[in-house]
Amino acid sequence: MKKRIAFMTRLYSTCLLLLAGLSLMAPLASAQAADCTTKIGAVLPTSVDWGRPIAATAQFAVELYNESGGVKGCDVEMVLRDTQTDPKIGVDAAKALVDLDKVPVLIGAVSSGVSMPILTSVTAPSGVMQMSCCSSSTAFTDVAREGKTKGLWFRTFATTRNQAAIAAKLIKDRGYKSVGIFYKNDDWGQDIGKLVAADLETLGIEVTTSAAINDAQPSYRAEVTSMLKTGPEAIYLALYPTEGIALVREWLSLGGTQEFVAANSLKSDEFRDGVGMQYLEKLIGHDSAPPRTDSATTFVDMYKAKFSAEPNGPGLPNSFDAVMISLLAMDAAAELEGATIAASVPRVTDPDGTPIFPDVAGLKQARELLAAGENISYQGATGAVVFDANGDVSAPAVAWTFSETGVEEAAYYPLADVDAFIGTLANQ
């Protein structure tokens, strides 16, 4: 009996030691898991219908990267905050991500009017790399040339210089002799409104007047009435869906023309349904476009498999590429610090590097090449991405129209054709 009691006592003591060891190991295992999660930040307009797919596409890119092994073997967590397309809210969201979440990379924002204050007051001063999918204002080029971005700014969306030229080409090709311009009263809207007006003047097309449109006005009747008095044959719309819907409804109710040319910001179901397809049958829009490459086609196939829908909304391929390039640069960087990551972007977008498509197999190969000291040429949803010294990219363009089921492509303009048309504007 004494032997049995002694055995049971030893067994009990052994169990207590094992349990104690496990309890000590559990926090350690949790700490290791937490230490092996790498955060990036994203500031995107998830409260609007066209912004949610942009955010979902960014998260899709993160999921693919994690499936391939993550950044330096650690899972990536994208901490997403809503900008509501409001500069103040966007800046507050970015500050929280930088100051509290300590992210070294920030994806966003969508609007130039939101991205600019984030860049100048948050990311550049904090040494955080910022990669925007959908900000096109040429003001960023000017800021970069002045050295104020500190080399931390990149965007996967073509500038308004390209966008404005295609808008002018569509207006010219339709034979309009006079055009009125409504533009959103922010950095992006002011920039593209000014450029389109200048291009139309160069082409000999009259701009009857340009009108700045502010957010959340109870009515745009004053602006519409003033524009109607100038009698334009067509209207150019550089607006977002919310104010675009309200303004176009008032325009139509007062007898305005249905000849519309629209910026890519209105390429959404929200705008089409809010105005009514029957009033938008003559509308033609413009957007930057993925090149006709295998990588762009593969992205469409991957997107459809993931979301059971075509990637028709604005900024979707650009969002995918913005995240992928950022994560590859993080893997290429010696340390996860904003300036070091930004300095590694050329290593993953090197035209002379090994071509890589960001599916799971391609991402695994990319990490092996980068670890071996080799460069890669990222081939993504927008093609082979190459940034210039200001963090800008060029892109082909597309003309689009609305249909009952979504958006239809009306014409495609290769990059060489876009550049050639811009050249004619410069020479006139």
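In which sense do β11 and strand β12 pair, and over how many bridges?

1. β11 and β12 (residues 376–380) are paired in the parallel sense, over 3 bridges. Strands (E, at least two residues) and helices (H or I, at least four residues) are DSSP runs numbered from the N terminus, and two strands pair if DSSP finds at least two bridges between them. Within this pairing, T354 has I376 of β12 as its bridge partner.

2. On provenance, the model is predicted, so that local features need pLDDT of at least 70 and side-chain atom pairs count only at pLDDT 80 or more, while totals for chains, interfaces and linings use all residues. Residues are numbered from 1 along each chain as its sequence is written, and side-chain values use heavy atoms, with hydrogens and water left out.

3. The two strands belong to an open sheet of 3 strands in the order β11-β12-β13, with mixed pairing. Because β11 (354–356) and β13 (383–384) stand at the edges with a single partner strand each, one side of each is left without a neighbour in the sheet. Helix α12 (residues 316–332) lies across β12 and β13 and runs at about 160 degrees to β12; axes are lines fitted to C-alpha atoms, for helices over the stretch in contact (heavy atoms within 4.5 Å), and angles run from 0 to 180 degrees between N-to-C directions.

4. The largest pocket has a volume of about 760 Å³. A pocket is an open set of points on a 1 Å grid over the protein atoms alone, with protein on both sides within 12 Å along at least five of seven lines, and lining residues have an atom within 4 Å of a point. Grid points are joined across faces, edges and corners, and the volume is the space filled by probe spheres set on them. Its lining comprises 38 residues, with S288, A289, P290, R292 and P317 nearest the centre. The largest contribution to this lining is that of α11, with 4 residues.

5. K72 is in the loop between α2 (51–67) and β2 (75–82), and T85 is in the loop between β2 and α3 (87–99). K72 is partly exposed at 41% relative accessibility, whereas T85 is buried at 16% (buried is under 20% relative accessible area, exposed over 50%, partly exposed in between; 1.4 Å probe, protein chains only).

Note on methods: 1 Å grid on protein atoms, 1.4 Å probe; cavity = no way out; pocket = protein on both sides within 12 Å on 5 of 7 lines; lining within 4 Å.
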